Amino acid sequence: MMTEKIDRKGNENGELKKKRKRQKIGMSRVQKLYRTCKQVFTNCKPGVVPSPENVELVKSVLDKMTEADVGLRPNMPYFKSTVSDKPPKITYLHLHECDKFSIGIFCLPPKAVIPLHNHPGMTVFSKLLFGKMHIKSYDWADNLHPKSTTPSANISDRDCTGLRLAKLKVNSMFKAPCKTSILYPAEGGNMHCFTAKTACAVLDVLGPPYCDPDGRHCQYYYDFPFANMSVNDFLVPEEEQSEYAWLKERDKPEDLTVAGALYSGPNLV
């Protein structure tokens, strides 16, 4: 009888292992992304960056993903060009959000722009699934402290209030397939702007997501060339001045339209 119980238990364990193996083999990439994020961000808090090993875990999953893994095609209505004086509408597909992380997809038609904005206390992974996009990003240049700021003829006195110096991190064109971009709370280009050169889709993972009550508000910015301001009090060599800019907070642009839509790709469990 004891032998029979052991044999039955052994068979059950064997079947369970086979089932798990089948599930693992059949797991979609988006499901694997969700499970990896759940593992990586479980003990993370705002401003706390996952370990390099955990960052690589998320990146390794995203690097292999394409639009097909999330049920998208470039000929879908989200990506259609429109003839209008207004900026093209951007569509956001919500996959998952909890207090630890969020997963979503921005669908941009040609010429669509996600204006310069920040990610307070967040680690963000952005994967261009298809298309061609220009990315411009900055980090705060907190190592340089102005004694005074005098506006040039190009910027009014009113515009100069609230300016803050930032260092250019990225100013490049990206074309899929390409590696995942990663930004951190204080480096890596925490403030960025996306400009679609063709129809494109960007899969975003935010850890943690925006949360107004917790102080993680999405702040938008204007950026002004460094040379537009007097720099007498800054120790920046002339040949490096193109790497800096003045950022000024702004309200969410009135012509920015981001509409939510139903995600119809592989299910997340």
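**View 1. The largest cavity of this predicted model has a volume of about 60 Å³.** A cavity is a set of points on a 1 Å grid over the protein atoms alone where a 1.4 Å probe fits but cannot get out. Grid points are joined across faces, edges and corners, and a volume is the space filled by probe spheres set on the points. Rolling a probe the size of a water molecule over the atoms shows where empty space is left. The structure holds one cavity of 30 Å³ or more.

This is a predicted model: local features need pLDDT of at least 70, side-chain atom pairs count only at pLDDT 80 or more, and totals for chains, interfaces and linings use all residues. Residues are numbered from 1 along each chain as its sequence is written, and side-chain values use heavy atoms, with hydrogens and water left out.

**View 2. Residues line the largest cavity.** Lining residues have an atom within 4 Å of a point. Among them are Ser-126, Met-133, Phe-174 and Val-202. Strand β4 supplies the largest share, three residues. β4 and β5 (132-140) each supply at least two. Strands (E, at least two residues) and helices (H or I, at least four) are DSSP runs, numbered from the N terminus. The lining divides into seven nonpolar, two polar and two charged residues. Ala, Val, Leu, Ile, Met, Phe, Trp, Tyr, Cys and Pro count as nonpolar; Asp, Glu, Lys and Arg count as charged; the others, Gly among them, are polar.

**View 3. The largest pocket holds about 500 Å³ of space.** Of its 20 lining residues, Tyr-92, Phe-106, Leu-206, Tyr-210 and Cys-218 are the closest to its centre. A pocket is an open set with protein on both sides within 12 Å along at least five of seven lines. β1 (90-97) gives the most to the lining, three residues. By class, the lining has 12 nonpolar, five polar and three charged residues.

**View 4. Helix α3 covers residues 52-63.** At 1.5 Å a residue, its 12 residues should span 16 Å; the end C-alpha atoms are 16 Å apart, which agrees. The expected span is 1.5 Å times one less than the number of residues. Buried residues of α3 include Val-55, Val-58 and Leu-62. Buried means under 20% relative accessible area, exposed over 50%, partly exposed in between (1.4 Å probe, protein chains only). Their cover includes α2 (29-40) and β9 (200-207).

**View 5. Ser-242 sits in the loop between β10 (220-225) and β11 (244-250).** Ser-242 is exposed, with a relative accessible area of 61%. The C-alpha atoms of Ser-242 and Pro-225 are separated by 7.4 Å.

Methods: Contact means heavy atoms within 4.5 Å.
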